[in-house]
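Dear colleague,

I am handing over the structure we spoke about, with the sequence alongside. Please have it open while you read the notes that follow.

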Amino acid sequence: MLTIFSLLQTTSSSSSSRSPSSGRSESWRGVGEVGTRAAGAEARMAAAAGRKVAVAAVQFACTDVEAENVATAERLIREAHKKGAKIVLIQELFEGHYFCQAQRMDFFRRAKPCKGNPTIIRMQQLAKELEVVIPVSFFEEANNAHYNSVAIIDADGTDLGLYRKSHIPDGPGYQEKFYFNPGDTGFKAFKTKYATIGVGICWDQWFPECARAMALQGAEILFYPTAIGSEPQDGNLDSREHWKRVMQGHAGANLVPLVASNRIGRETVETEHGKSAITFYGNSFIAGPTGEIVKLANDKEEEVLVAEFDLDEIKSTRHGWGVFRDRRPELYKVLLTLDGEK
């Protein structure tokens with residue numbers, strides 16, 4: 001298979017002492033002509049340099065005090081900005097403890113509408129100040145429906161819209177079906193100032209269909225805010241390596257960078273059957289377009305990960321590799337079934 005990995009290189013034409021169009025000496029060229037040539041040279045240099053974007057994943061332990069967590073998120077976003085990041089991912093449901101360990105009706109009070117949401121407004125102000133893109137995870141109330149949602153805030157503070165989590169888990173310690181309706185937005189790609197991005201949420205990351213759907217719509221980078229750790233029913237089960245490998249596969253299969261942000265720390269929640277505790281294992285990471293991990297956090301420390309990618313170079317590689325050229329959508333109808341029967 002022939003693949004294309006190199007950037008297109010610009011070639012400089014040899015200078016001539018005579019103008020081919022008028023026969024005049026180069027020294028006769030007017031200001032307008034010189035300006036046009038300079039602009040053309042700048043354009044060629046920009047094309048050769050590519051479209052480089054630095055992305056970041058932040059990782060921290062949450063308290064159950066909203067103001068403290070929002071302040072921590074802001075502090076780490078500022079740190080990421082100082083390191084050059086243009087798109088910064090915060091972990092899932094960062095405003096408080098991961099409350100889905102329990103089925104408690106009082107926890108619905110944590111939900112807020114998207115419009116007028118104070119955390120989203122604060123992140124809009126921060127995004128505009130720093131000129132960064134911020135996907136903001138929150139517990140959304142929409143009349144009588146509730147969603148695990150992300151608001152995509154562009155670098156000028158504009159709210160580009162919502163993605164609502166499509167795949168809702170239900171198991172010991174992760175009882176999200178009690179709180180969240182299945183998302184109704186479908187998978188989306190958002191055109192931000194710096195890149196077209198796709199955002200899935202936690203459990204979405206286990207489904208290749210989600211990543212492919214976003215890539216097909218033009219997503220150049222995939223983002224997954226997450227809350228995952230130990231399993232209350234089985235202390236010996238540690239999914240962190242499996243978790244990373246699955247998303248590395250999404251990056252490699254779609255030839256796009258991928259950013260995953262997870263929380264750390266041990267959180268104990270009072271449930272209807274007593275106390276439940278999860279130790280969140282962090283391991284936030286940034287993967288490159290072949291699935292390679294380029295930045296990786298540990299399982300205990302607050303961290304800010306930053307990596308830069310040349311999206312034009314990656315685009316050329318993706319197109320040259322042929323995985324989108326050689327797709328056969330007419331053969332994939334079985335994916336629209338639950339049991340594999342056509």
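**Surface patch and the residues around it**

Leu331, Tyr332, Val334 and Leu335 together make a nonpolar surface patch of about 350 Å². A patch here is built from residues that have over 30% relative accessible area and no salt bridge, with like charges joined within 9 Å and nonpolar side chains (Val, Leu, Ile, Met, Phe, Trp, Tyr) joined within 5 Å; the accessible areas come from the Shrake-Rupley method with a 1.4 Å probe, and for residues only the protein chains shown count as cover.

Before going further, please keep in mind that this is a predicted model, in which local features need pLDDT of at least 70 and side-chain atom pairs count only at pLDDT 80 or more, while totals for chains, interfaces and linings use all residues. Residues are numbered from 1 along each chain as its sequence is written, and side-chain values use heavy atoms, with hydrogens and water left out.

**The largest pocket**

The largest pocket holds about 540 Å³ of space. Pockets were found on a 1 Å grid over the protein atoms alone: a cavity is a set of points where a 1.4 Å probe fits but cannot get out, whereas a pocket is an open set with protein on both sides within 12 Å along at least five of seven lines, and lining residues have an atom within 4 Å of a point. Grid points are joined across faces, edges and corners, and the volume is the space filled by probe spheres set on the points.

The lining of this pocket consists of 18 residues, and those nearest its centre are Pro208, Glu209, Ala213, Leu335 and Leu336. Leu335 is therefore named both in the nonpolar patch and in the pocket lining, with the patch rule as given above. Helices α4 (208–216) and α5 (240–254) each supply at least two residues of the lining, and α4 gives the most, with six residues.

**Salt bridges**

A salt bridge is taken to be a side-chain nitrogen of Lys or Arg within 4 Å of a carboxyl oxygen of Asp or Glu, and by this rule the count comes to 22. One of them joins the side chains of Arg122 and Glu74, at 2.8 Å from N to O. This pair links distant parts of the chain, since Arg122 sits in helix α3 (residues 118–130) and Glu74 in helix α2 (residues 66–82), 48 residues apart. Arg122 is partly exposed, at 32% relative accessibility, whereas Glu74 counts as buried, at 16%. Arg122 also has Ala71 at 9.9 Å in space, C-alpha to C-alpha, although the two are 51 residues apart in sequence.

Another salt bridge pairs Glu330 with Arg328, whose closest N and O atoms are 2.5 Å apart; Glu330 is partly exposed at 41% relative accessibility, and Arg328 is partly exposed at 39%. Elsewhere, salt bridges that share partners join Glu74, Arg78, Arg122 and Glu129 into one network.

**Backbone and a buried tyrosine**

Two asparagines have positive phi values. In Asn143 phi is near 55 degrees, and this residue is found in the loop between β3 (134–142) and β4 (145–153), where it counts as exposed at 75% relative accessibility. In Asn283 phi is near 60 degrees; Asn283 is found in the loop between β13 (274–281) and β14 (285–287) and is buried, with a relative accessible area of 6%.

Finally, Tyr224 has its place in strand β10 (residues 221–225) and is buried, with a relative accessible area of 0%. Tyr224 and Gln91 are 133 residues apart in sequence, yet their C-alpha atoms are 8.1 Å apart in space.

With best regards

Conventions: Helices (H or I, at least four residues) and strands (E, at least two) are DSSP runs, numbered from the N terminus. Buried means under 20% relative accessible area, exposed over 50%, partly exposed in between (1.4 Å probe, protein chains only).
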